Amino acid sequence: MGWGHGNPRAILHIDGDGFFAACEVALNPKLRGKPVVTGAERGIASAMTYEAKARGVKRGMPLHEIRRVCPEAIILPANYETYAIFSTRMNSIVRRYTEAVEEYGIDECFAEITGLRRPLKMTYEEIGRTIKRELQNELGITFSLGLAPNKVLAKLGSKWQKPDGFTYIRAQGLSLGNPKVSPCAPLNPSQNDDCLLSGYIRRQSSVHSVHSDNSPEDCLLETSKRQSSNETTLGYYLAHTPCEKVWGIGPQTAALLAERGVMTALDFAHKDETWVATHLTKPHIEIWRELRGEFVLPLETGKKQHYDSIQKTKTFTPPSNDQNFLLSELSKNCENACAKARHYKLFAKKISFFLKTQQFRYRGIEITLPSYTSLPNELMRLIRAEFPKVYRTNEIYRASGVTLYGLTDTPPAQQDLFGASITQAKASKVFERVDALAERYGNHTVTLGSSLSALRPNLDVGRPGSVPRPVRMRFGAGGRPTSKVVAFQTKNPASYHLVIPLMGNVY
Ligand SMILES: [Mg+2]
């Protein structure tokens, strides 16, 4: 079988360390060395610096819990538009070396560097370390890299030592034909002590390197020290990786494997082809082959406009305590976020919204939606219901924001032919027209009635006494009227405010 022999491919997986929080630190050097947590807008930690991690802050931890375990934590709302800029820069730095880049997530990518040793006059490891150094110098945040003959192993490598790690997993050291190896013992007993020792050294060094203010030269020294401790075999890495930590193996598959005594990636790699074909389907068979060192999964290298989340926020002056006004601001945030989602043909499964106080404290909450949507009127119904949990009568607010998460490009399934789906289908048609009008006349040409008070200050500029006057309009796809809407026309003939009777409570 052809793993690891001949000319192995060289694939990098590049992953930002605590990316959102690291971007915040890069933008505001005063935050360096401090426990910074992002996620104020959803009421839970979405990312954190290693200083916060060291004090016990974990992903998904609620804000009150964060304040309990780490009272000095600086909790910020995630600013996705900024992170997207860092992400774009990350990908363009990697593209200086190779065009074969798969933009896998906002803070991670795969890059193929096979065949570049001669033109670049560097080993694969040197190329990887050079890319890492450039990323860190230019972006001001640390990255962890995995270098391996395929994507599954590269991904394993980048996770191996975080933060600021570099792990080269070669396709050697997996002696096959020995399926009964014990889970955590490397195959070659003579290397056992070395491997464990190097693992120990590695973890020590990664602890020491947490956010040290190293100059690039120091970094080089640091990484070259680690390089020597990285001379381990494929079998070693697999033996120390539980199946559920392998990229692409979900909890269900891990449970299925565990039932059959397959606990580690090494146990899995040692299974023979017949066993794998009997128990698993194609995607997991491909992972099995990659764990054995083969190159199976190609890089998807087209430039991707991917959104993990869409966020719209706004600071308003003067600050306000007026519930209706705040709901109206949220409604506008919601409309803007949904318009962007519809532009990219995306649907959200979760949303969050936040209010920011004059003391710069954030109060936010995350809501899981009953079904995927990109319609603001549906989201506003939920936001309205949760609003009292976030709003405090004794506080004055200066900004609001709405974020959509769990985005998919698969349209929501019609769950029933009555009630909700029909309303949703009709509303989708209305918003198709809204988007067409926005395209033609500009944003907010037609808006939800609930956004009206947030928009009024803008509309009133230069138009004193501009009182919206109601007009009746008919909207429908392809000229066929399908929904009746009541709109309010201002003096600007292109500006209509929309009330959609079939949705009832949008105003
Ligand atoms: Mg990351």
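Which residue just after H6 takes a positive phi? Gly 140 does, with a phi of about 75 degrees. The model is predicted, so local features need pLDDT of at least 70, side-chain atom pairs count only at pLDDT 80 or more, and totals for chains, interfaces and linings use all residues. Residues are numbered from 1 along each chain as its sequence is written.

**Helix H6**
- Helices are DSSP runs of H or I with at least four residues, and strands are runs of E with at least two, numbered from the N terminus.
- The 16 residues of H6 should span 22 Å at 1.5 Å a residue, and the end C-alpha atoms are 22 Å apart, which agrees; the expected span is 1.5 Å times one less than the number of residues.
- Buried residues of H6 are Tyr 124, Ile 127, Gly 128, Arg 129, Ile 131, Lys 132 and Leu 135 (buried: 20 or more other C-beta atoms within 10 Å of the residue's own, with C-beta atoms placed from the backbone).

**Packing of H4 and H6**
- The axes of H4 (residues 80-95) and H6 (residues 124-139) come within 10 Å and cross at roughly 145 degrees (axes are lines fitted to C-alpha atoms over the stretch in contact, with angles from 0 to 180 degrees between N-to-C directions).
- Phe 86, Arg 89, Met 90, Ile 93 and Val 94 of H4 make the contact with Ile 131, Glu 134, Leu 135, Glu 138 and Leu 139 of H6 (contact: C-beta atoms, placed from the backbone, within 7 Å).

**Strands S5 and S6**
- S5 (residues 101-105) and S6 (residues 108-112) run antiparallel and are joined by four bridges (pairing requires at least two DSSP bridges).
- A hairpin through two residues joins S5 to S6, and Gly 105 stands opposite Glu 108 in S6.

Note on methods: Contact = placed C-beta atoms within 7 Å. Buried ≥ 20, exposed ≤ 12 C-beta atoms within 10 Å, placed from the backbone.
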